[in-house]
Amino acid sequence: MAMNQMRANEIICNCKQVSYADIADALHKIDRFEDVVKSFDEVQKITHCSTGCGGCHDKILDTISEIMMA
Ligand code: FES
């Protein structure tokens, strides 16, 4: 699983100030990936991303799939 270093500091969830790197770190803590939606739940538990306005939901999903595919 690779992280896009250029994007590491990019804030994906503004409400909770969760960065691309925070999401990548959270994904590294999960030992089994079943699918993006399941991983989203796990990442959300760890980072609390998307628990504010919820507007970042799709952005978080895209970020997770991008990191998982890398
Ligand atoms: S931007 Fe992520 S919950 Fe609002």
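Gly54 counts as exposed, because it has 11 C-beta neighbours inside 10 Å (a residue is exposed if 12 or fewer other C-beta atoms lie within 10 Å of its own, buried if 20 or more do, and partly exposed in between, with C-beta atoms placed from the backbone). The structure is a predicted model, in which local features need pLDDT of at least 70 and side-chain atom pairs count only at pLDDT 80 or more, while totals for chains, interfaces and linings use all residues. Residues are numbered from 1 along each chain as its sequence is written.

- Gly54 sits in the loop that lies between H2 and helix H3 (57–69), where helices (H or I, at least four residues) and strands (E, at least two) are DSSP runs numbered from the N terminus.
- Although Gly54 and Cys15 are 39 residues apart in sequence, their C-alpha atoms are 8.6 Å apart in space.

**Packing of H1 with H2**

- Helix H1 (residues 20–29) packs with helix H2 (residues 36–47) at an angle of about 110°, their axes being 9 Å apart; axes are lines fitted to C-alpha atoms, for helices over the stretch in contact, and angles run from 0 to 180 degrees between N-to-C directions.
- H1 and H2 are therefore roughly perpendicular to each other, a class that covers 65 to 115 degrees, with angles under 35 counted as roughly parallel, over 145 as roughly antiparallel and the rest as oblique.
- On the H1 side the contact involves Asp22, Ile23, Ala26, Leu27 and Lys29, which meet Ser39, Val43, Ile46 and Thr47 in H2 (two residues are in contact if their C-beta atoms, placed from the backbone, lie within 7 Å).

**Packing of H2 with H3**

- The axes of H2 and H3 cross at roughly 110° and come within 10 Å, which makes H2 roughly perpendicular to H3.
- H2 contributes Val36, Ser39, Phe40 and Val43 to this contact, and H3 contributes Ile60, Leu61, Ile64, Ser65 and Met68.

**Nonpolar core**

- The largest nonpolar core has 14 residues, and those with the most contacts inside it are Ile12, Ile23, Leu27, Cys49 and Ile60; such a core is a set of buried Ala, Val, Leu, Ile, Met, Phe, Trp, Tyr and Cys residues joined through C-beta atoms within 7 Å.
- Strand E1 (11–13), H1 and H3 are the elements that give two or more residues to this core, and H1 supplies the largest share, 5 residues.
- Leaving aside residues up to four places away in sequence, Ile60 touches Ile12, Cys13, Ile23, Phe40, Cys49 and Ser50.
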